[in-house]
Amino acid sequence: MGVPSESTKLNNSLTVRDNRTGKVYEVPIVDNSISATAFKNVKAPFAPGERKENETDKGLRVSDKGFLNTAVMRSEITYIDGEAGGEYCAYRGYPIEQLALHSSHLETAYLLIYGYLPSKPQLKLFEDEVMHHGVTHADAEQFCRSFRYDAHPMAILTSAFAYLGSYYSEANPSLQGQTLYTKGDSASLSIMDKQIFRLIGKATTLAAMAYRVRQGREFVAPPTGLSYTGSFLYQMDHLGEENYTPNPVLEKALDVLFLLHADHELNASATTVLQTGSSLVDPYSAVAAGCASLYGPLHGGANEAVIRMLISIGKPENVPAFIEAVKRREKVLSGFGHRVYKTSDPRSFIVRKTADEVFKITGKDELLETAMALHEAAMKDEYFIKRKLAPNVDFWYGFAHSCSILTRLIGFPLDFFPVLFAVPRVVGWLAHWRQMMLQEGGVKIWRPRQIYVGAGKRDYVPIEEREEVVGPKKTPSPIVHSG
């Protein structure tokens with residue numbers, strides 16, 4: 001849309017008429033998308049009395065609060081169809097149901113990062129490198145021990161990812177040059193791969209260290225000969241037993257759950273990694289930023305919120321009163337509804353099936369009946385049906401995985417749940433980061449526009465001449481200090 005045009009509308013274009021000027025523009029449609037920057041050419045003179053800050057003479061801006069319909073990347077990694085009747089999630093074209101049945105977390109990680117399912121030698125090389133890089137520097141123990149015993153494990157993990165970057169100067173574009181990861185030659189790809197191995201390998205080690213800080217236990221070095229999730233469970237739960245190995249059912253269940261959570265398109269944390277990575281910062285800092293984003297209760301903290309909600313409900317007979325309180329907006333329903341999936345989350349069915357396998361050896365958790373009663377009540381209530389509030393993966397992941405497998409058997413605290421989300425999601429973050437680093441045309445720093453609605457130009461007023469402004473949100477809150 002470089003210049004106005006009065007030509008007939010093309011099949012693959014959008015014709016836009018600016019009623020302010022009468023000019024007509026044609027916007028090319030590529031892959032069912034239009035370029036937002038094309039609208040910078042739709043300019044108009046200022047209307048009488050219009051604010052200069054509207055920048056009308058500089059072209060239209062596209063307003064999209066929360067990125068509800070803005071595409072920021074061309075991606076080949078994950079596709080999600082969340083509309084009614086089409087709930088579908090695929091990694092590189094492979095439905096996650098098939099991968100959960102036949103693949104493993106590390107094989108799926110290879111797929112997400114490199115684009116193809118590996119051969120046996122390729123998978124062995126990848127697994128060996130990831131597991132080899134699970135060991136951390138001895139200083140990591142001192143670093144993790146510097147946190148208070150009651151520090152939130154996500155605070156420890158987020159800090160630890162950033163801390164890692166300080167050890168690898170060869171991985172920092174600020175020190176090695178800004179084309180370190182964007183050249184795409186063999187040397188650049190080798191450096192990139194090494195950081196990928198390190199981050200995936202050390203994610204479980206750092207997470208286990210964060211857990212054991214909370215438990216007041218000594219740290220455990222990554223063992224040899226175990227799987228990725230087996231090593232993780234070993235590092236968390238080993239207490240000096242001879243020939244200890246994690247329960248294979250729990251090991252497999254955790255692997256499936258890691259696979260399901262490895263990526264989920266451009267969610268909040270993945271977007272945070274890309275936003276941060278667009279400045280060409282080192283990948284450790286970018287992953288730390290993603291971890292901080294995942295920490296929030298609207299994202300990775302949601303499965304923790306599910307358990308707290310179920311505990312607050314208590315018994316199944318309390319569910320009807322809770323449902324009514326939700327409808328009156330007195331209570332919050334956690335684990336239902338999703339930004340993308342509008343009827344049901346396909347991952348939730350896999351998680352529930354996995355939970356059934358675990359229940360065979362653990363017995364059902366005491367909150368199971370409450371969870372089932374809530375599920376059934378919500379699925380039948382018109383209030384939730386009309387609002388398309390079906391249970392998402394956080395409901396079954398938070399309940400089935402974290403509560404029954406981990407809290408009941410291993411004794412994980414509730415605030416460790418987001419860590420169990422962050423560890424596998426490192427894979428997806430790195431897949432998107434790598435794709436951006438190697439994209440055609442190079443990396444452009446992400447710099448969103450704003451619509452400025454604040455005060456226009458005004459002159460400084462000396463403090464003696466100012467009128468005091470008071471009111472809600474307009475003055476600092478007074479804080480009561482203790483002794």
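## Terms and ground rules

Contact here means heavy atoms within 4.5 Å. This is a predicted model, so local features need pLDDT of at least 70 and side-chain atom pairs count only at pLDDT 80 or more, while totals for chains, interfaces and linings use all residues. Residues are numbered from 1 along each chain as its sequence is written, and side-chain values use heavy atoms, with hydrogens and water left out.

## Helix H11

Helices are DSSP runs of H or I with at least four residues, strands are E runs of at least two, and both are numbered from the N terminus.

Buried means under 20% relative accessible area with a 1.4 Å probe, counting protein chains only. Among the buried ones are Pro283, Tyr284, Cys291 and Leu294. The cover over the buried residues of H11 includes helices H5 (153-165), H7 (186-215), H10 (268-277) and H18 (417-437).

## The chain and its cores

Zooming out, the chain has 18 helices and five strands, and 47% of its 483 residues count as buried.

A nonpolar core is a set of buried Ala, Val, Leu, Ile, Met, Phe, Trp, Tyr and Cys residues joined through side-chain atoms within 4.5 Å. The largest one has 85 residues, and Phe126, Phe161, Ile200 and Phe232 have the most contacts inside it. A second, separate core of 15 residues includes Leu310, Ile313, Val319 and Ala371.

Technical notes: Buried means under 20% relative accessible area, exposed over 50%, partly exposed in between (1.4 Å probe, protein chains only).
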